[in-house]
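Take a moment with the chain before reading on. We will walk from its core to a loop, a hairpin and a charged pair.

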Amino acid sequence: MRMNHMEMHHMGMNHTDDNITMPPHQHPTTSASHSHEMMMPMTFYFGFKNVDLLFSSLVINTPGEMAGAFVAVFLLAMFYEGLKIAREGLLRKSQVSIRYNSMPVPGPNGTILMETHKTVGQQMLSFPHLLQTVLHIIQVVISYFLMLIFMTYNGYLCIAVAAGAGTGYFLFSWKKAVVVDITEHCH
């Protein structure tokens with residue numbers, strides 16, 4: 001397929017004597033130091049040479065850098081788990097509107113019992129809801145960072161994500177309050 005000069009110009013390609021080249025902002029690299037940009041591993045591996053960590057400027061090349069990245073990723077995953085639990089706690093503390101709803105339920109010997117349920121909520125235009133929104137955005141960004149780190153397929157970094165998430169859950173989730181309604185008749 002041949003393209004004329006105008007078609008190639010609109011696609012951002014340079015034209016030189018019937019040779020089609022890469023777009024002007026993309027240049028193939030031939031040096032060994034940039035070869036990590038050309039290929040992404042698609043299987044798990046354990047290594048510390050040319051490991052990209054989220055940004056092109058964050059490249060791991062030594063065991064010390066990998067150890068530092070491991071600790072940082074571990075702490076980020078722990079923070080993510082703590083943030084999830086903290087958001088739940090803040091939500092419970094900021095619930096302001098309380099409604100009680102009663103509904104009839106069948107009782108023993110054909111009687112009718114009234115069961116009361118409590119509904120709580122937040123106001124949309126309030127500081128607690130705004131804070132929850134900001135914390136949710138931070139939680140989403142961190143979750144995507146952790147996913148992208150795991151998708152490097154580097155075994156060390158994958159272990160750091162999993163171990164940090166597990167440790168964070170262990171440390172923070174036991175504080176989760178579970179409310180049990182002792183008047184609940186349906187189990």
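How many residues does the largest nonpolar core have, and which of them have the most contacts inside it? The core has 16 residues, and L53, I60, V73, L146, I149 and L157 have the most contacts inside it. A nonpolar core here is a set of buried Ala, Val, Leu, Ile, Met, Phe, Trp, Tyr and Cys residues joined through side-chain atoms within 4.5 Å. Buried means under 20% relative accessible area, exposed over 50%, and partly exposed in between (1.4 Å probe, protein chains only). In soluble globular proteins, nonpolar side chains tend to be buried together.

This is a predicted model: local features need pLDDT of at least 70, side-chain atom pairs count only at pLDDT 80 or more, and totals for chains, interfaces and linings use all residues. Residues are numbered from 1 along each chain as its sequence is written, and side-chain values use heavy atoms, leaving out hydrogens and water.

Now the overall plan. The protein chain has four helices and six strands. Helices (H or I, at least four residues) and strands (E, at least two) are DSSP runs, numbered from the N terminus. From that end, the order is α-β-β-β-β-α-β-β-α-α. Of the 187 residues, 23% count as buried.

At least two of its residues come from each of β3 (51–53), α2 (63–94), α3 (127–150) and α4 (155–172). Helix α2 gives the largest share, six residues. Look at L146. Not counting residues up to four places away in sequence, L146 touches V73, L76, A77, Y80 and V161.

Next, find T152 in the loop between α3 and α4. T152 is buried, at 12% relative accessible area. Leaving aside neighbours within four places in sequence, T152 is in contact (heavy atoms within 4.5 Å) with P41, Y45, D52 and L157.

Move to the strands. β3 and β4 (residues 55–60) run antiparallel, joined by three bridges. Two strands pair if DSSP finds at least two bridges between them. V51 stands opposite I60 in β4. One residue lies between the strands of this hairpin, where L54 takes a positive phi near 70°.

Finally, which side chains meet in a salt bridge? They are E81 and K84, at 3.3 Å, N to O. A salt bridge is a side-chain nitrogen of Lys or Arg within 4 Å of a carboxyl oxygen of Asp or Glu. By this rule the count is one. E81 and K84 are three residues apart in helix α2, so about one helical turn separates them. E81 is buried at 9% relative accessibility, while K84 is partly exposed at 27%.
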